[in-house]
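Let's take a walk around this one, starting at a pocket and ending in the loops.

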Amino acid sequence: MFLIFGDPVSHSKSPLMHNYFFKKEKIDECYGRYHLKEGSKIIEKFKELKIKGANVTVPHKEWAFKLCDEVRGIAKEIGAVNTLVKEGDKIIGYNTDAPGFLEAIKEFDYKSVLIIGAGGTAKALSLVLPQADILNRSANRLEYFKQKNKKTFTWDNIDNFKYDLIINTTSAGLNDDNLPAPEEILNKLFSNAKYAVDVIYGKETPFLALAKKYNLKTKTGLDMLVYQGVLAMEYFLGKELKREEVAKIYFEILKD
Ligand code: NDP
C-alpha cells in the first residue's frame, strides 16, 4: 500500500496516476490519499498505516524532510521531501519534483536559463539548473538567490533578454489571466528564446499562449507532474523503470 499525504489532498492526481500504472503493469498494489492536518505526525502516521511508501504534498514536504530517518540525493540541498520509502526499519526521503522537471525537458537543447518567480519551486529548480538567472516581481525573495551568487532581476532592472529556456514558476495564470512579468519584458525574452515551460498544469496559461506566438517549443506542468511520478515509482518499486514507457501510461490517464 502506498499513499499521498497532504492538506488539502483531494485534488491530487497521484492516486489516479499510480493506480492506473499498477493496473496496467498487473502489480498487486494500491495507492490512496491521506488528509494529514499535522505535518509533525507524518512519520508516525506512515508507520501506523504500515505502508511501503508515500508521496508528500503541500504543506508537509519540509516536515517529511526533517522527520524521516535519512534524506538522500538532491532533497538534502532542497530541504524538502516529496517521496518517502520504507527500507528495512528506516524511512528514506527523496525529492523527485526538481529531477522530474529535468527529466521532462531532457530533449531540449539549451544553455542559458531564466527562472521567473522566487518561491519554493524556483529554489528547487535553481538547484538542478545551476546556470539559471532569476526574475521576480519583488526584491524580497531574491535575497536567497543573491546569497547563492546567482544573478537576479526585478522587473525594473532586468538587462539581459537572451536566454534559451524561460521557466514560469509563479502562480500567475493559475486562477487568473495574469502574465508572470510585464508583456514588454516577455516579448523581448521570447523573441530570443527557444523554449518556454510553465509549472502550472491543467490549463494553457497566458505565459505559454504568448510563447506560442513566438513559435517556441513549450511544455506545461503536466510533464513535471508525470516525471516526478515516474521517478517516485522507481523508488517505490526499488528498481529503474523504462521511464518513457511509464510516462506514456501516466500521460494516457491524465489526458482523459
Ligand atoms: P510560492 O508561493 O512559493 O512562490 C510564488 C512566486 O510567484 C513568488 O516568487 C511570487 O512573487 C510569484 N508570484 C505570485 N503571483 C504572481 C503574479 N501574479 N505575478 C508575478 N509573480 C507572481 O509558490 P510555489 O513555488 O510553491 O508554487 C508556484 C507554482 O508552482 C504553483 O502554481 C504550483 O501549482 C506550481 N507547482 C507545480 C508542480 C508540478 O508538478 N507541475 C509542482 C510544484 C508546484 P513575490 O515574491 O513577489 O510574491
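## The second largest pocket

Phe 21, Glu 25, Ile 27, Leu 237, Lys 239, Leu 241, Lys 242, Glu 245, Val 246 and Ile 249 line the second largest pocket. A pocket here is an open set of points on a 1 Å grid over the protein atoms alone, where a 1.4 Å probe fits and protein lies on both sides within 12 Å along at least five of seven lines; lining residues have an atom within 4 Å of a point. The space in this pocket comes to about 150 Å³, a volume being the space filled by probe spheres set on the points, which are joined across faces, edges and corners.

Sorted by class, the lining has six nonpolar, no polar and four charged residues. Asp, Glu, Lys and Arg count as charged; Ala, Val, Leu, Ile, Met, Phe, Trp, Tyr, Cys and Pro as nonpolar; the others, Gly among them, as polar. Helix H11 (residues 243–254) gives the most to this lining, with three residues. Helices (H or I, at least four residues) and strands (E, at least two) are DSSP runs numbered from the N terminus.

## Ground rules

This is a predicted model, where local features need pLDDT of at least 70 and side-chain atom pairs count only at pLDDT 80 or more, while totals for chains, interfaces and linings use all residues. Residues are numbered from 1 along each chain as its sequence is written, and side-chain values use heavy atoms, with hydrogens and water left out.

## Around the ligand

Which residues come nearest to the ligand? Of the 23 around it, they are Ala 118, Thr 121, Arg 137, Ser 138 and Val 199, where being near takes a heavy atom within 4 Å. The shell divides into ten nonpolar, eleven polar and two charged residues.

Now for the polar contacts (pairs of N or O atoms within 3.5 Å). Thr 121 has a polar side-chain atom 2.8 Å from a ligand oxygen. The protein buries 75% of the 950 Å² that the ligand exposes when taken alone, with areas from the Shrake-Rupley method and a 1.4 Å probe. Helix H6 (120–128) and helix H10 (221–237) are the elements giving two or more residues to the shell, and H10 has the largest share, three residues.

Phe 5 and Tyr 34 make an edge-to-face pair because their planes sit at 65°, with ring centres 5.7 Å apart. This pair links distant parts of the chain, strand E1 (residues 2–6) and strand E2 (residues 31–35), with the two residues 29 apart.

Asp 7 and Pro 8 are joined by a cis peptide bond, omega about 5°, and Pro 8 sits in the loop between E1 and helix H1 (14–24). Another cis bond joins Val 58 and Pro 59, omega about 0°. Asn 149, not a glycine, has a positive phi of about 60°.

Key. Polar contact = N/O pair within 3.5 Å; in protein donor to acceptor, adjacent residues only side chain to side chain. Phe/Tyr/Trp six-rings, centres within 6.5 Å; stacked < 30°, edge-to-face > 60°.
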